[in-house]
Amino acid sequence: MALVDVKCLNCGGSIRTDDALQKSFCMYCGSEFEVKQAVNQVKLAGSVEVNGIASRDKLLKNALQFIELEDFPKALELLDEFTTQYPEYFCGWWYTACANCKNWSVYPISVYSAVKMLENALNTADDPTIKELIQQSISEYKSGADAAHKVRNIFSKQKYEQESCDRKISGGCLLVISFVILFALACVFVFIPIVSGILLILAFIVPPILTSKLAKQDKKDVHQKKKDQASKYTPQIEQSLKHIQENQAKIEKALSDQK
C-alpha cells in the first residue's frame, strides 16, 4: 500500500491516492475513476507534478466554475485547498472573499469576514494596477459592510419591539377581561343571570380575537418601520458591491493581458 500521484481521467486534475484502492474520487470534479487505470496512464505519460502550474490553474478554474454555478460551499472548499497550497497567489484570497459574498451579491452575516481575505490578496499581489484595484475594493467593501451592519442591527431590534408591543396588548386584554368578569359578577348579584352569562362568554371570546388582530397589525407596522429605516442604507450597499464587481472585471482583464 502506497500513495501515488495520478491525474483524474475526467478533468485531468492532479490527485494523490492510495494505490491499493480499486476506485477513487476526484476532489475537483467529483467523478469516480479506476485507480489502476489512472496509475497506468501516469506511467505512460510520465510523472505528475502535484504542485505544478497546471494543477494550480486547474484548481482555481474549478473553483471559479462553482462560483458561476452559485455552488459557493463547494467553491470555498476548493479555494481553501488553493490558498493552503498556494498562499502566495493573490487570486485565491480574492476569490475566497468573492465566494463568501456570493459573487459580490450580498454581505455575509459576519460582514467583515472578507476583509482579511482582501488584505491577503493585496499583500500577495505584485502588479501595481491590480494592487490599486484591490485597495479600492477594500475601501468599498468596508463602506458597504458598515451599512450592512447597521441594517442587521435595525432588524435585530425588530423582535424585541414586537415582543414589547405584544406584552402591552396582552396586558390590555387581561384588563378588559377582568373588568367584564367583575361586571358580570355584579349582574349576578342584581339578579340578571342571563346578561351575566352572556358577558362571561364574550369576556373569553372577544378579547383574544381582538388581541390576535392587533398583534398581527402591530408586527406588520413594526416590520414596515424597520424596512423604511433600512432603506436609506440599501443604495450604499448596492453601490459598494457594484464597484467591487467592476474592479473584479478589471483585475481579470489585467490577468488576461499578462498571459
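These legends describe close-up views of a predicted model of one protein chain.

Figure 1. The chain has 259 residues, and 38% of them are buried. Taking contacts between residues at least 6 apart in sequence, 58% join residues at least 24 apart.

**Figure 2. The largest nonpolar core of the chain has 57 residues.** Inside this core, the residues with the most contacts are Phe 90, Trp 94, Trp 104, Ile 134 and Tyr 141. Elements that each supply at least two residues of the core include strand 1 (3–7), helix 1 (35–45), helix 2 (53–68) and helix 3 (72–85). Helix 4, helix 5 (113–124), helix 6 (128–189) and helix 8 (234–258) also each supply at least two. Helix 6 gives the largest share of the core, with ten residues.

**Figure 3. Phe 90 is one of the core residues with the most contacts inside the core.** Its neighbours within four places in sequence are left aside in this view. Phe 90 is then in contact with Ala 121, Thr 124, Ala 125 and Ile 130, among others. The list of contacts also includes Ile 134, Ile 251 and Leu 255. Of these partners, Ile 134 is itself named among the residues with the most contacts inside the core.

**Figure 4. Thr 96 lies in helix 4 (residues 90–100).** Thr 96 counts as buried because its relative accessibility is 9%, and buried means under 20%. Apart from neighbours within four places in sequence, Thr 96 is in contact with Leu 76, Leu 79, Thr 83 and Met 117. Thr 96 and Met 117 are 21 residues apart in sequence, and their C-alpha atoms are 6.8 Å apart in space.

**Figure 5. Cys 91 and Cys 101 are both buried.** The relative accessibility of Cys 91 is 3%, so this residue counts as buried. Cys 101 is in no disulfide, and the nearest cysteine sulfur, that of Cys 98, is 7.7 Å away. A disulfide would need the two sulfur atoms to be within 2.5 Å. The count for the model comes to zero disulfides. Cys 101 also counts as buried, because its relative accessibility is 0%.

Terms used. Residues are numbered from 1 along each chain as its sequence is written. This is a predicted model: local features need pLDDT of at least 70, side-chain atom pairs count only at pLDDT 80 or more; totals for chains, interfaces and linings use all residues. Side-chain values use heavy atoms; hydrogens and water are left out. Buried means under 20% relative accessible area, exposed over 50%, partly exposed in between (1.4 Å probe, protein chains only). Helices (H or I, at least four residues) and strands (E, at least two) are DSSP runs, numbered from the N terminus. Contact means heavy atoms within 4.5 Å. A nonpolar core is a set of buried Ala, Val, Leu, Ile, Met, Phe, Trp, Tyr and Cys residues joined through side-chain atoms within 4.5 Å.
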